[in-house]
Amino acid sequence: YVLDLGRKKYVEVPNAKWIDTVSWSNNAFAYQAEKGYAYFDVATGETKTFGGTTDTFPPIISSDGSYIAYANNGLAVFSIKTSKAIVLTQNIHDIPLLWKADDKTLVISTTATVSTSSDGEMAKNKLAEFHIGTRAMRDIVALPQPVKQAKWVAKNALALISLGADDGTFDYGLDFSNGNLSLIAETSEGIAFTGSRDGKIATLKGARLTLYGAHLEKISDLKRTSKGNIANFFLLPPTRALLFIEKDKGYDIATFDMETSVETVIKNIWLPYAVLSPTGKNAVTVNAGNDNVDFFDIQ
């Protein structure tokens, strides 16, 4: 279900498999369906299905709502206007990750074949830009591990790239102005958290919170003095973090000021999950029993 705040009602998502990683464009989004992929407009009820086998990477919709890029034994796009799919590549390693601001260029994960010292060949992971019109591809950077997910921190300028496999997950910052890929934190479960907002990235490693700017320069580096394990973490504007702190019964939500180190508890909740508004000034969480939701302001 989607909670439509304008109409104050739940809207059932048709043919949905799992929608925690949907890709939005205004009131519509693309997601993994029971079979293949799907598109759903919450406001109008319009729905479309496309694609064959469902990949582990979710489809991504362009910001103008024209195309949905997806992986299906290669790179493909689905035109929402014509309801037709266009196959772009035959490389099973091509995975769309991000749309650039022109809504015609994709940042993709792919592989390159390189020679080894023993005169053999092996595939190396890399990021590249791919134009869906000209089908021109330009390499961005080589990757030390396979991609798990990616998101924009500042569109066309800075991205947060998660890499890893069975041996762990690692978050990197990619500066598109110079192609530098910098390790931010190992984010395997319980080791560290990362958050991003308004062109900044923040990490929480143990009790230490670090804030980075648009070119991954360090803005602040502070340590929490309060006790309690952290179960979740978000970055708030302009330089604050939202912490979910384990308690005997539930979790305390607290803000942490990255300039003053002041930590302020807002409320206690049942589960360590919340959805922040785009402004970061309020949020919604689930009440005990999963039967209703709770809206609250972040002071």
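Which residues does Ser23 touch, not counting residues up to four places away in sequence? They are Ala28, Phe29, Ala30, Pro59, Ile60 and Ile61. Contact here means heavy atoms within 4.5 Å.

## About the model

This is a predicted model: local features need pLDDT of at least 70, side-chain atom pairs count only at pLDDT 80 or more, and totals for chains, interfaces and linings use all residues. Residues are numbered from 1 along each chain as its sequence is written, and side-chain values use heavy atoms, with hydrogens and water left out.

## Ser23 and its strand

Ser23 sits in strand E3, residues 16–25. Strands (E, at least two residues) are DSSP runs, numbered from the N terminus. The relative accessibility of Ser23 is 13%, so Ser23 counts as buried. Buried means under 20% relative accessible area, exposed means over 50%, and partly exposed lies in between (1.4 Å probe, protein chains only). The side chain of Ser23 also reaches the backbone nitrogen of Ile61, at 2.9 Å.

## An aromatic cluster

Trp24, Phe29, Tyr31 and Phe40 form one aromatic cluster. Rings of Phe, Tyr and Trp (its six-membered ring) pair if their centres lie within 6.5 Å; planes under 30 degrees apart count as stacked, over 60 as edge-to-face and the rest as tilted. By this rule there are 10 aromatic pairs. In one of them, the ring centres of Trp24 and Phe29 are 4.6 Å apart and the planes are at 50°, so the pair is tilted.

Phe29 also pairs with Tyr31: the centres are 5.2 Å apart and the planes at 45°, so this pair is tilted. Phe29 and Tyr31 are both buried. Phe29 has a relative accessible area of 0%. Trp24 is partly exposed, at 43%.

## Nonpolar cores

A nonpolar core is a set of buried Ala, Val, Leu, Ile, Met, Phe, Trp, Tyr and Cys residues joined through side-chain atoms within 4.5 Å. The largest one has 19 residues. Those with the most contacts inside it include Leu97, Leu127 and Leu174. Among the elements that give two or more residues to this core are strand E11 (95–99) and strand E14 (137–142). Another core lies apart from it, with 13 residues, among them Ile230, Phe233, Ile245 and Met258.

## Salt bridges

A salt bridge is a side-chain nitrogen of Lys or Arg within 4 Å of a carboxyl oxygen of Asp or Glu. The count by this rule is nine. Asp139 bridges to Lys126, with the closest N and O atoms 2.8 Å apart. Asp139 lies in strand E14 and Lys126 in strand E13 (residues 121–131), so the pair ties together parts that are 13 residues apart in sequence. Asp139 is partly exposed, at 45%, whereas Lys126 is buried, at 13%.

Glu129 forms a salt bridge with Arg138, at 3.0 Å between the closest N and O atoms. Lys100, Glu129 and Arg138 are linked in a network of salt bridges.

## Backbone exceptions

Most residues other than glycine have a negative phi, and most peptide bonds are trans. Asn15 has a positive phi, near 60°. Asn15 is in the loop between strand E2 (9–11) and E3. Ser261 has a positive phi too, near 70°. The loop that holds Ser261 lies between strand E25 (250–257) and strand E26 (263–269).

Pro237 and Pro238 are joined by a cis peptide bond, with omega about -15°. Pro238 is in the loop between strand E23 (230–236) and strand E24 (240–247).

Conventions: Helix = DSSP H or I, 4+ residues; strand = E, 2+ residues; numbered from the N terminus. Polar contact = N/O pair within 3.5 Å; in protein donor to acceptor, adjacent residues only side chain to side chain.
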